[in-house]
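Below is a short briefing on one protein chain. It starts from a single residue and then turns to the chain as a whole.

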Amino acid sequence: MEHNNFDSNLARTHCMNFGLIVGIMCSISFLLAVYARGSVLVAQTGNILAIMAFITAGRLIRRYRQVVYPIGFRQACRMSILTYFFASLITAAVQFIYFRFLDHGQVYDQMQQLLEMPEYLAMLQRLAGESDVKEIVSNALNLLLNPAQMTMQLMWMNLILSLILTIPTALIGITGRKK
């Protein structure tokens, strides 16, 4: 049962705090994935942390429902969207700092190494047909790999993923006992 005296400003404030927590978790996950460099354990730790960020968002919304206000599914969806939006902003800031000041072209070099792998070239050749795959991908890399564009691409990807995760997060948030 949803009440009419829902305080959206209070909910938004909580979503900012939740987004900060989830954003820090996602940022650490990103940094672990980037700095794994062949260490499977570090890379898997980053993946587990990303999954835990999703679960944490749902549990934080559930805690809000239990302690602050007994929200329903629709309000849990709104809180989930806001939480992921704020988390995406935090993560985008960390990613921009990484690509602008710490990367020094490592992502570009990894993409170039990937292009030199025969299996990858064969797969791209099958997809592209008669086109010169190496030239097309090299041109795309040169156009798209500056820090701002990389950050924007990742931020849009995070926002799209957030929309997909909104309903499962809201479902986690409304389970359990009410206030």
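Does Thr151 count as buried or exposed? The model is predicted, and in it Thr151 has a relative accessibility of 6%. Buried means under 20%, so Thr151 counts as buried.

**Setting of Thr151**
- Helix H7, which covers residues 147-174, contains Thr151.
- Apart from neighbours within four places in sequence, the residues in contact with Thr151 are Ala92, Gln95, Phe96 and Phe99.

**Fold and dimensions**
- The protein has 7 helices and 0 strands, and read from the N terminus its elements run α-α-α-α-α-α-α.
- The protein is more spread out than a compact globule, because its radius of gyration is 20 Å, well over the 16 Å that the globule rule gives for 179 residues.
- The C-alpha trace spans about 60 × 35 × 30 Å along the principal axes of the protein.

**Packing and contacts**
- Buried residues make up 34% of the 179 residues of the protein.
- Among contacts in the protein with a separation of 6 or more, 81% are between residues 24 or more positions apart.

Notes. Residues numbered from 1 in each chain as written. Predicted model: local features only at pLDDT ≥ 70, side-chain atom pairs only at ≥ 80, totals over all residues. Heavy atoms only, no water. Helix = DSSP H or I, 4+ residues; strand = E, 2+ residues; numbered from the N terminus. Buried < 20%, exposed > 50% of the residue type's maximum accessible area, 1.4 Å probe, protein only. Contact = heavy atoms within 4.5 Å. Rg over C-alpha atoms; globule rule 2.2 N^0.38 Å.
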